[in-house]
Amino acid sequence: MAVTATTIISTATLIKDSLMNPFIPVMADGLPPYEFSISTESALPTGLTFNTSTGVISGVPTQLANLVNYDITVVDSEPSVSTASFQLIVQSEITQYLE
């Protein structure tokens, strides 16, 4: 059965100099072991790392970053391939809008 990858969130707003909750891709089916890769319009924000064995993005963003699109691709041992897309932005603080 082919591997499928999805993301729980499509856009994440991170706060500069604050530990982020790790971003973990969600997979279904497929046969381990899995290998992950990331393609981007630009590099991950400074301070964040990507684990090619798990697909996890984690860390503390240390500089502001505009909204960027990312694709995480997973390949299983069959090999079958699946890609999930999401966006990240790093801001100095969360701005709440009241209506």
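## Threonine 73

The side chains of threonine 73 and threonine 83 are joined by a polar contact of 3.0 Å (a pair of N or O atoms within 3.5 Å; within protein, one must be able to donate a hydrogen and the other to accept it, and residues adjacent in sequence count only if both atoms are side-chain atoms). Threonine 73 is buried, at 17% relative accessible area (buried means under 20%, with a 1.4 Å probe and protein chains only). Threonine 73 also touches Glu35, Phe36, Ser37, Val81 and Ser82, among others, leaving out residues up to four places away in sequence (contact means heavy atoms within 4.5 Å).

## Basis

This is a predicted model: local features need pLDDT of at least 70, side-chain atom pairs count only at pLDDT 80 or more, and totals for chains, interfaces and linings use all residues. Residues are numbered from 1 along each chain as its sequence is written, and side-chain values use heavy atoms, without hydrogens and water.

## Sheet

Threonine 73 lies in strand 7 (strands are DSSP E runs of at least two residues, numbered from the N terminus). Its bridge partner is serine 37. Strand 7 (residues 65-75) runs antiparallel to strand 4, with six bridges between them.

The open sheet has four strands in the order 2-8-7-4, with mixed pairing (two strands pair if DSSP finds at least two bridges between them). Strand 2 (11-15) and strand 4 (35-40) are the edges.

## Core

The largest nonpolar core has 18 residues (buried Ala, Val, Leu, Ile, Met, Phe, Trp, Tyr and Cys joined through side-chain atoms within 4.5 Å). Strand 7 gives the largest share, five residues. Ile72 is among those with the most contacts inside this core.

Conventions:
Buried means under 20% relative accessible area, exposed over 50%, partly exposed in between (1.4 Å probe, protein chains only).
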